[in-house]
Every structure is written in structure tokens, then in C-alpha cells.
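Hi everyone, thanks for making the time. I'd like to walk you through a structure that may be new to you, starting with its pockets and then turning to its ligand.

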Amino acid sequence: MSCIEARGVFKSYGKTTALNGFQLSVGEGRILGLIGPNGAGKSTALMAMLGLIPFDGSLKVLGLDPWKERGALMEQVCFIADVAVLPRWMKVSQALDYMGGVHPRFDRAKAEAFLARTSIKRESKVRELSKGMVAQLHLSLVMAVDARLLVLDEPTLGLDILYRKAFYDSLLNDYFDGGRTIVVSTHQVDEIEHILTDVAFIDRGQVVLDSSMEGLETRFAELLVGPDKADAARALNPIHERQVFGRQLMIFDGADRKALAKLGEVRTPGLADLFVAKIAPRFDMKGRAA
Ligand code: ADP
């Protein structure tokens with residue numbers, strides 16, 4: 001069954017179009033990375049999915065209309081915007097009490113079990129914890145909610161790389177069971193690439209690439225080619241090209257790998273390179289949109 005089905009979703013804020021025919025289909029049990037530059041419409045898309053803003057077009061989440069059936073949807077969904085933030089005055093024990101009070105599917109014993117693996121004390125206040133510990137606490141609270149869909153909007157913003165990696169590893173190993181669906185938005189692709197089953201690139205309110213990770217492997221190829229064969233490779237229509245230590249690195253969409261292999265080294269491009277190929281041509285060196 002489909003967990004998220006968006007067809008031609010539009011959202012404007014005054015004169016700004018945030019979603020411009022947003023189209024996406026996510027099956028249950030998938031881990032989707034929603035990846036796009038700042039201002040692409042990631043948060044707006046997630047807010048529409050969570051029923052936090054009205055929109056035009058057709059959007060169903062777990063078979064429900066998020067705007068009209070938000071109450072029923074929220075019983076099955078968990079959402080985090082920033083894992084490093086919790087009310088600073090709260091004690092850890094109060095955070096557990098609070099979650100038990102608001103979420104019908106919160107399993108306190110499970111949260112306690114996650115916390116027991118950390119050095120976080122029940123009587124500590126959030127303001128006394130390090131950023132990484134707040135993230136651990138946040139994750140312990142979230143992982144104890146039996147949700148069908150977990151939505152994470154740039155969850156690791158402001159955390160250093162070690163905590164970001166630990167966060168995603170924990171999510172994959174301790175939470176994901178193949179039955180739940182996770183949607184995570186980010187503009188930092190490297191650290192989530194290994195946990196994703198699906199990816200959607202979003203740019204200017206539209207999904208410009210939507211694929212399973214296996215689908216990327218069959219569709220895209222990256223070729224490292226020397227100057228002598230660069231023109232022959234260009235004749236095969238790369239979608240992107242850049243120089244790497246005197247050789248050209250080219251990315252192809254739908255090219256014959258055997259033909260490419262005659263010209264140089266072929267492999268599957270990483271998400272970061274694909275992202276650059278699909279989206280960066282519009283940006284100049286200072287990151288401004290063309
Ligand atoms: P992202 O999450 O990818 O950075 P957003 O969904 O936050 O992108 O924003 C998409 C576009 O909509 C941007 O141009 C942003 O400035 C605009 N936008 C988002 N929220 C609002 C708002 N509440 N009022 C006006 N414009 C907004």
C-alpha cells in the first residue's frame with residue numbers, strides 16, 4: 001500500500017510559490033530522503049503531509065486527507081523538526097511524562113530502555129545536557145512511539161558529524177523494522193545515503209527525480225575519462241561534467257554502461273554527485289540561483 005501519494009500539490013505564500021505541482025509516491029516500509037537546496041519546498045511539502053497547512057491538489061497520507069483528517073492521521077504519525085531541541089526547563093522524567101500524556105502510542109518502558117544505554121539521568125534538566133545528549137533523549141522519546149510514519153525535517157541540523165552519524169545508525173538499527181515508513185528531509189546527503197531505500201530530489205517546489213536506490217544504479221552511471229577520450233564520451237550526452245585531477249568526471253542518465261566502459265572507469269554516482277548534476281547547474285559558485 002502507498003503511504004504517501006501526492007499528485008499535483010500546489011502551495012503559495014503570497015507571491016512565493018513553495019510547491020509547484022509536487023508529485024510523489026512513497027510505499028509503506030520505505031525510507032525516503034527528500035533532498036533539495038534551501039528554499040526548495042521541503043518543509044512546506046512535509047507540513048502539507050502532516051496537515052499543518054492547507055494546499056491545492058491531491059495528497060493522501062496513510063489513505064487520509066491530512067488537512068481534513070488530521071486527528072486520525074496524527075495518531076499514526078510522529079514528527080521531529082530538530083532533534084537537538086527540547087524545552088530547556090524540562091527534566092528528563094517530565095519529558096517522559098509528557099510524551100506518555102500526549103501520544104497514545106508511546107511506550108514508556110521502551111523509552112526507558114533506550115535511555116538506560118546512555119548516560120542521561122532522569123533528574124537532569126534538558127539545559128544541563130550536551131547537544132548530543134539532547135538528540136539522544138529526543139530519539140529515545142520518538143523511537144518509543146509506535147508510529148506507522150515518522151517524518152523528520154532536517155533533524156540533525158546543528159549537530160556535529162559524529163552525532164549525526166550515530167543518530168541515523170540508531171534510527172536504522174533500533175527503530176526501523178521494515179514495516180514503518182520514514183521520510184527525512186535534508187540538504188546534507190552524504191550521511192543519510194546509506195540508510196535510504198528511496199530518494200526524491202526537490203527543486204523550486206517540484207520533484208525533479210524520484211527513484212528507489214536500486215533504480216538509481218540501473219539508470220545513472222558516472223564515468224572518469226582521460227582527455228584523449230573526453231570528446232567521445234561527450235558525444236554520449238552526459239547530464240553533468242566536471243574536472244577531477246586532470247580527468248573529466250561525467251554523469252550519464254540512461255547510457256549503455258558497456259559503451260562507457262570502453263572510454264574509462266564506470267561506477268554508480270553517489271547521491272551528492274547526482275544532486276549536483278540534477279540541481280547545481282542553476283547555481284553559480286556563490287550558491288545563488290541563476
Ligand atoms: P525548504 O524547507 O526546502 O528550505 P521551504 O518549504 O521552507 O523550503 O520554503 C519554500 C519557499 O516558500 C521558500 O521560498 C520560502 O521562502 C517560502 N516560504 C516558506 N514558508 C513561508 C511562509 N510562512 N511565508 C512566506 N513564505 C514562505
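First, a quick word on naming: helices (H or I, at least four residues) and strands (E, at least two) are DSSP runs, numbered from the N terminus. With that in hand, helix 5 is the top contributor to the lining of the second largest pocket, giving six residues.

Before going on, please keep in mind that this is a predicted model, where local features need pLDDT of at least 70, side-chain atom pairs count only at pLDDT 80 or more, and totals for chains, interfaces and linings use all residues. Residues are numbered from 1 along each chain as its sequence is written, and side-chain values use heavy atoms, with hydrogens and water left out.

So what is a pocket here? On a 1 Å grid over the protein atoms alone, where a 1.4 Å probe fits, a pocket is an open set of points with protein on both sides within 12 Å along at least five of seven lines, and lining residues have an atom within 4 Å of a point.

Back to the second largest pocket: by class, its lining has seven nonpolar, five polar and two charged residues.

How does the lining of the largest pocket divide by class? There we find twelve nonpolar, two polar and no charged residues. Tyr and Pro count as nonpolar, and Gly as polar, in this scheme. Of the 14 residues lining the largest pocket, Phe 79, Tyr 98, Met 99, Val 102 and His 138 lie nearest its centre. Strand 5 (77-80), helix 3 (92-102) and helix 5 (131-143) each supply at least two lining residues, and helix 3 gives the most, with four.

Now for the ligand. The residues around it, meaning those with a heavy atom within 4 Å, include Tyr 13, Pro 37 and Asn 38. Which element supplies the largest share of this shell? That is helix 1, with three residues. Strand 2 (16-27) and helix 1 (42-49) each supply at least two. By class, the shell has four nonpolar, six polar and one charged residue.

Let's look at individual atoms. A backbone N or O atom of Gly 39 lies 2.7 Å from a ligand oxygen, and for a backbone N or O atom of Lys 42 the distance to a ligand oxygen is 2.9 Å. Thr 44 uses its side chain instead: a polar atom there lies 2.6 Å from an oxygen of the ligand. Taken alone, the ligand exposes 560 Å² (Shrake-Rupley method, 1.4 Å probe), and the protein buries 59% of that.

Definitions and conventions: A polar contact is a pair of N or O atoms within 3.5 Å; within protein, one must be able to donate a hydrogen and the other to accept it, and residues adjacent in sequence count only if both atoms are side-chain atoms.
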